[in-house]
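I'm jotting down what I look up as I go.

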Amino acid sequence: MKRKMITAALTASVIMFGCGFGSGNTYGDYEEAYMALMAPGSLNTDITLVLNMEEETVRAEGNMKMDQSGAMYFELEMGDKKVTQYAKDGKLYSDVDGAKEVYDTSEKNAQKPVPKDGDARKEEGSGFSTTEFMEEFASMLEAGKIREMGLLDPIPEQMIDEITAKEEENGIIYTLDLPDSFMEKIFNIMIREQVSEEEYAVSFSNLKEFRCYMHENADGILDGMRYEGNTDVTIPEALTGEAEKTENLSLELQLDVVDPGSEVTIPEMDLSGFEE
């Protein structure tokens with residue numbers, strides 16, 4: 001399967017794993033640590049994403065910066081593939097392995113890549129590759145979607161099954177359990193929104209062992225976030241070129257904050273070669 005065809009069918013659903021926090025006093029404690037992290041109005045975080053399916057593993061590493069002006073810089077490397085994005089003043093500059101594009105991200109003129117037509121995707125559907133599938137899935141972890149889906153924002157506490165806190169030598173670890181039904185619904189809705197025809201929609205089911213771990217350092221500031229879980233992924237015949245297949249996909253997403261609580265400044269990016 002060619003990567004462009006898979007990209008049209010997948011979404012950044014994975015980033016929905018980055019979610020908020022629970023109830024009672026524990027929720028209040030987390031909220032205080034979260035506010036301390038975001039107090040400067042900027043953020044610098046290293047990203048590690050590990051996907052496993054059919055005993056194959058894909059690992060992606062990168063960095064994301066947001067500053068007080070609203071600008072964002074994002075990069076992700078995975079093998080020989082590299083994605084770089086820079087968002088500022090309603091524009092998203094995207095460089096994927098040297099292919100440069102500009103999108104208008106303002107609310108009025110928001111642009112999204114247009115899915116390829118069905119005939120082309122059917123032609124490309126032969127020779128399904130699990131590794132390429134996971135690589136394209138990982139590449140959907142992008143700057144625009146992180147901002148749109150609120151990866152680092154807390155979600156309403158009624159959407160949390162349970163939150164607990166455990167003190168350790170260098171801080172506190174918050175453990176959050178999220179309802180499987182909620183995550184499954186979000187995944188499937190997001191998948192359907194990314195394709196023009198239902199037959200190309202990848203679906204998720206049987207989410208299990210899904211947890212978020214948030215670390216608060218000795219200064220009372222969040223400095224690390226890890227999201228873990230696994231789910232069954234059903235890939236339709238239109239994408240595999242063969243019979244529909246269902247495989248288990250496990251995910252680990254780690255966000256390590258660089259100098260938590262410090263102000264971040266993003267330098268101007270060289271925008272030569274970008275065409276709108």
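Which residue stands opposite Glu167 in S8? I find Ile172 there. This is a predicted model, so I keep local features only at pLDDT of at least 70 and side-chain atom pairs at pLDDT 80 or more, while totals for chains, interfaces and linings use all residues. Residues are numbered from 1 along each chain as its sequence is written, and side-chain values use heavy atoms, with hydrogens and water left out.

**Hairpin.** S7 (residues 162-168) and S8 (residues 171-177) run antiparallel, joined by seven bridges. Two residues sit between them in the hairpin. Strands are DSSP runs of E, at least two residues, and helices are runs of H or I, at least four, numbered from the N terminus; strands pair if DSSP finds at least two bridges between them.

**Rings.** I searched the whole structure and got four aromatic pairs (Phe, Tyr or six-membered Trp ring centres within 6.5 Å; planes under 30 degrees apart are stacked, over 60 edge-to-face, the rest tilted). Tyr30 and Tyr174 have centres 6.1 Å apart and planes at 80°, so I log them as edge-to-face. Tyr30 is in helix H2 (residues 24-38) and Tyr174 in strand S8, so this pair ties together parts 144 residues apart in sequence. Both are buried (under 20% relative accessible area; exposed is over 50%, partly exposed in between; 1.4 Å probe, protein chains only). Ring pairs also bring Tyr34 into a cluster with Tyr30 and Tyr174.

**Loops.** Glu54, between S1 (43-53) and S2 (56-66), has a positive phi near 55°. I note it as partly exposed at 35% relative accessibility.
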